[in-house]
Amino acid sequence: MPQYQTWEEFSRAAEKLYLADPMRARVVLKYRHVNGNLCIKVTDDLVCLVYRTDQAQDVKKIEKFHSQLMRLMVAKESRNVTMETD
Amino acid sequence: MVLLESEQFLTELTRLFQKCQMSGSVFITLKKYDGQTRSIPKKGSVEGFEPADNKCLWRAMDGKRKISTVVSSTEVSKFQMAYSNLLGADMDGLKKRDKKNKSKKAKTPQ
């Protein structure tokens with residue numbers, strides 16, 4: 001279960017994992033206000049990628065990541081879906 | 001598991017965050033959804049089911065209460081904006097990093 005130390009590596013690997021099998025992959029987010037930390041996990045029930053943080057700046061990145069993946073999920077497969085940065 | 005409308009889901013999600021401020025965790029899950037509402041029998045498949053391609057399923061939980069919603073391509077933009085505001089407002093218990101110099105923001109050199 002790879003734990004990533006940098007957001008860059010995590011988001012790249014996670015997106016790749018999702019694109020490999022969109023129906024199987026899921027994103028799980030766990031937030032604890034008490035401890036002030038956040039853990040995001042992307043898994044397809046075989047491979048499990050994890051990124052933990054306690055930094056406020058990562059909230060924005062994680063939110064963007066969620067939105068990006070959501071857009072990939074609701075886009076029709078008929079056209080080529082590529083990573084777009086708004 | 002309570003299935004809600006997107007707007008209601010976000011309202012309830014804020015409530016979950018507020019409830020868990022003193023103790024507990026908030027779990028959020030996102031997954032692609034094909035619209036299947038019935039279980040698939042072991043042999044064969046469900047009759048007359050067309051997998052939809054434009055939906056995703058959001059779930060949230062605080063360890064006790066579970067809520068969920070389905071977001072389709074028509075609601076995506078609205079949901080995304082509301083969700084972005086929600087995360088920014090509710091996930092505020094994390095450390096602010098102000099020691100390192102970031103190239104994005106203009107910080108006054110010490």
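**Helix contacts within and between chains**

Student: Which residues of α2(A) meet α1(A)?
Tutor: Both are helices (DSSP runs of H or I, at least four residues). On the α1(A) side stand Trp7(A), Phe10(A), Ser11(A), Ala14(A), Glu15(A), Tyr18(A) and Leu19(A). Contact means heavy atoms within 4.5 Å. Their partners in α2(A) are Lys61(A), Ile62(A), Phe65(A), Gln68(A), Leu69(A), Leu72(A) and Met73(A).

Student: What kind of model is this?
Tutor: Residues are numbered from 1 along each chain as its sequence is written, chains are lettered from A and ligands numbered from 1 in the order written, and side-chain values use heavy atoms, without hydrogens and water. Local features need pLDDT of at least 70, side-chain atom pairs count only at pLDDT 80 or more, and totals for chains, interfaces and linings use all residues, since the model is predicted.

Student: Is α1(A) roughly parallel or antiparallel to α2(A)?
Tutor: α1(A) spans residues 7-20, and its axis comes within 12 Å of the α2(A) axis. The axes, fitted to C-alpha atoms, cross at roughly 15°. Under 35 degrees counts as roughly parallel, over 145 as roughly antiparallel. So the two helices are roughly parallel.

Student: Which residues of α2(B) meet α2(A)?
Tutor: α2(A) brings Val59(A), Glu63(A), His66(A), Ser67(A), Met70(A), Arg71(A) and Val74(A). The contact has seven nonpolar, five polar and two charged residues. α2(B) answers with Val76(B), Ser77(B), Phe79(B), Gln80(B), Tyr83(B), Ser84(B) and Leu87(B).

Student: Which three residues supply 20% of the area that chain A buries against chain B?
Tutor: The whole contact takes 33 residues from chain A and 40 residues from chain B. Together the chains bury about 3400 Å² (accessible area lost, 1.4 Å probe, summed over both), 60% of it from carbon and sulfur atoms. More than any other three, the suppliers on chain A are Tyr31(A), Met70(A) and Val74(A).

Student: At what angle do α1(B) and α2(B) pack?
Tutor: α1(B) is residues 6-19, and the two axes lie 11 Å apart. Residues that meet include Phe9(B) and Leu13(B) in α1(B), and Phe79(B) and Leu86(B) in α2(B). By class, this contact has nine nonpolar, two polar and three charged residues. The helices are roughly parallel, at about 10°.

Methods:
Nonpolar A, V, L, I, M, F, W, Y, C, P; charged D, E, K, R; others polar. Buried area = accessible area lost by both parts, 1.4 Å probe. Axes fitted to C-alpha atoms, helices over the stretch in contact; angles between N-to-C directions. Parallel < 35°, antiparallel > 145°, perpendicular 65-115°, else oblique.
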